[in-house]
Amino acid sequence: MTYHSHLDKTISADFGDALLASLAPDGGLWMPDSLPFYTPMQTAELAAMNFWECAAELAEHFTDNAIEKDKLRALCKDAYNFDVPLKTLKGANLDVAMAESNDEYILELFHGPTLAFKDFAARFMGRSASELMKSSGQTRTILVATSGDTGGAVGDAFLGQDGIKVVILYPEGGVSKVQEQQLCTIGDVNSNVSAVSLQGSFDDCQQLVKDAFANQELAKKHNLMSANSINVGRVIPQSFYYFWTSLQIKAAHPGVPIVYSIPSGNLGNLTGGVIAKKMGAPIDRFVVGNNVNDPFVDYLKDGEYIPRASVPTLSNAMDIGRPNNFPRILDLMDKDFEAVSSLCWGASFSDQETERHLRRVFAETGYIMCPHTAVGHLAMNEFSKDVERPFIKVTVATAHPAKFADSVERIIGQEVPLPEALSKAMQKEKRVTKLEPNLSALSDYLDTL
Ligand SMILES: *Cc1c(COP(=O)(O)O)cnc(C)c1O
């Protein structure tokens, strides 16, 4: 199997080139030429596996012999060494006996090392890129702009990987306190991951990364690589958890339709879900929750897509006015608006509605959601109002609430306990370089690494 540019099917690449080049030469997004389809008999086998084993089976199709099967299994086992729990709102783990009477789950995707769902894709991508580079003998510098979660996940995923340096650019004062501490404490002094706090906005960070890639001399000198969700390697692994968890739910609720609600920004997570469904995952529909940055929810109403400048909100990882992966959704659905709008249902919410909901869920159940998850859960509630037949609700929890302790504690009026990974990071000394947002400053800095 190979990959093609979404703009031109005749431009193709194998897995390694698609992963390392990030974008096709015509500026298009890489798309897999084909997706496997697993029959119900085959999915029963996958359902019986551990998550990492199921991931390795699915990944085999996408990596297409670039990584040997044994290595791929070892890679998935190592990448996915954490839980993928389905919880009820009372916080209990999925238990098949009690599941029969339960029609609502929270899929917690924040048990990886950086406590956000981005670990799933970043850890797979980091390990595959490193594996591919071993055979090529190349070294690379990954430049990643972050508004919070991506930088941590990518830095952690590539930490200690041979032949790779990671430079994380974040806007000074533009990420939460916990996120900043996390970004600046990845590894030790000798670590291959460095954090740069840029005297500018997130848009400045993104622009600087684009400028660096556009400067051929600089890009070549440092063998620059991108690790944001335009990279197909950041999207494919996000299909694995939809596939595996929907099979677990189906086993507990045979014959009942399953609907996932996804708090969305760049639509990478949704793209993973749509890929899983196309591979045969028993998922009926997707609910998409947006904050006020809602070009996709608007599109679902009438088929008109109007990208716009983003505005800051409480759920900052979803402050995206031009979702990177919108073209991928269209491509997967053959550019058919009817097909997209019957598969996806969307709603958007203000910060005020999100706060009220987060507070109410906590008061009623004791469950603490991060602001992004609260948007997804609100969307699911809204969707449910018009549905009469029984169905299983699964809200995707994208980050641990402690990552947004500043706002969550203010909203619920109570402390959010820090998980161990975070409390360790909070005690470490920050390593960070301050830079002005211009290319010559960045270029000088890269020379020192
Ligand atoms: C990145 C992120 C999102 C948005 O995911 P997309 O794939 O960009 O749609 C939602 N919640 C959290 C916590 C995130 O870090």
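This is a predicted model: local features need pLDDT of at least 70, side-chain atom pairs count only at pLDDT 80 or more; totals for chains, interfaces and linings use all residues.
**Exercise 1.** Determine how helix H16 and helix H18 are oriented relative to each other, and which residues form their contact.

Solution. 
- Step 1. Two packed helices are described by the angle between their axes and the distance between the axes.
- Step 2. For H16 (residues 351-365) and H18 (residues 405-412), the angle is about 65° and the axes are 9 Å apart.
- Step 3. Angles of 65 to 115 degrees count as roughly perpendicular, so H16 is roughly perpendicular to H18.
- Step 4. The hand of the H16 and H18 crossing is right-handed.
- Step 5. From H16, the contact takes Glu 355, Leu 358, Arg 359 and Phe 362; from H18, Val 408, Arg 410, Ile 411 and Ile 412.
- Step 6. Sorted by class, the residues where H16 meets H18 are five nonpolar and three charged, with no polar ones.

**Exercise 2.** Carry out the analysis for helix H11 and helix H12, giving the crossing angle and the residues in contact.

Solution. 
- Step 1. The axes of H11 (residues 238-252) and H12 (residues 268-278) come within 7 Å, and they cross at roughly 50°.
- Step 2. An angle under 35 degrees would count as roughly parallel, and the perpendicular range begins at 65; H11 is therefore oblique to H12.
- Step 3. H11 and H12 cross in a right-handed sense.
- Step 4. H11 contributes Gln 238, Ser 239, Tyr 241, Tyr 242 and Phe 243, while H12 contributes Gly 268, Asn 269, Gly 272, Gly 273, Ile 275 and Ala 276.
- Step 5. The class count for H11 with H12 is five nonpolar, six polar and no charged residues. Gly is counted as polar here.

**Exercise 3.** Decide whether Gln 179 is buried or exposed, and find the partner of its side-chain polar contact.

Solution. 
- Step 1. Gln 179 belongs to helix H8 (residues 177-183).
- Step 2. The relative accessibility of Gln 179 is 1%. The cut-off for buried is under 20%, so Gln 179 counts as buried.
- Step 3. Its side chain makes a polar contact with the side chain of Asp 149, at 3.1 Å.
- Step 4. Leaving out residues up to four places away in sequence, Gln 179 touches Ser 147, Gly 148, Asp 149, Asn 316, Lys 403 and Phe 404.

**Exercise 4.** Classify Thr 354 and Gly 366 by accessibility, and locate each one.

Solution. 
- Step 1. Thr 354 is in helix H16, whereas Gly 366 is in the loop between H16 and helix H17 (371-384).
- Step 2. With a relative accessible area of 2%, Thr 354 is buried.
- Step 3. Beyond residues up to four places away in sequence, Thr 354 touches Leu 314, Phe 349, Pro 371, Ala 374, Val 375 and Leu 378.
- Step 4. Gly 366 has 44% relative accessibility and counts as partly exposed, because that class lies between 20% and 50%.

**Exercise 5.** Describe the setting of Glu 429: its location, its accessibility and its contacts.

Solution. 
- Step 1. Glu 429 sits in the loop between helix H19 (420-427) and strand S14 (432-435).
- Step 2. A relative accessible area of 73% makes Glu 429 exposed, the cut-off being over 50%.
- Step 3. Apart from residues up to four places away in sequence, Glu 429 touches Cys 184 and Thr 185.
- Step 4. Glu 429 and Pro 171 are 258 residues apart along the chain, and their C-alpha atoms are separated by 19 Å.

Terms used. Residues are numbered from 1 along each chain as its sequence is written. Side-chain values use heavy atoms; hydrogens and water are left out. Axes are lines fitted to C-alpha atoms, for helices over the stretch in contact, and angles run from 0 to 180 degrees between N-to-C directions. Helices (H or I, at least four residues) and strands (E, at least two) are DSSP runs, numbered from the N terminus. Angles under 35 degrees count as roughly parallel, over 145 as roughly antiparallel, 65 to 115 as roughly perpendicular and the rest as oblique. A crossing is left-handed if the near helix is turned anticlockwise from the far one by less than a right angle, and right-handed if clockwise. Contact means heavy atoms within 4.5 Å. Buried means under 20% relative accessible area, exposed over 50%, partly exposed in between (1.4 Å probe, protein chains only). A polar contact is a pair of N or O atoms within 3.5 Å; within protein, one must be able to donate a hydrogen and the other to accept it, and residues adjacent in sequence count only if both atoms are side-chain atoms.
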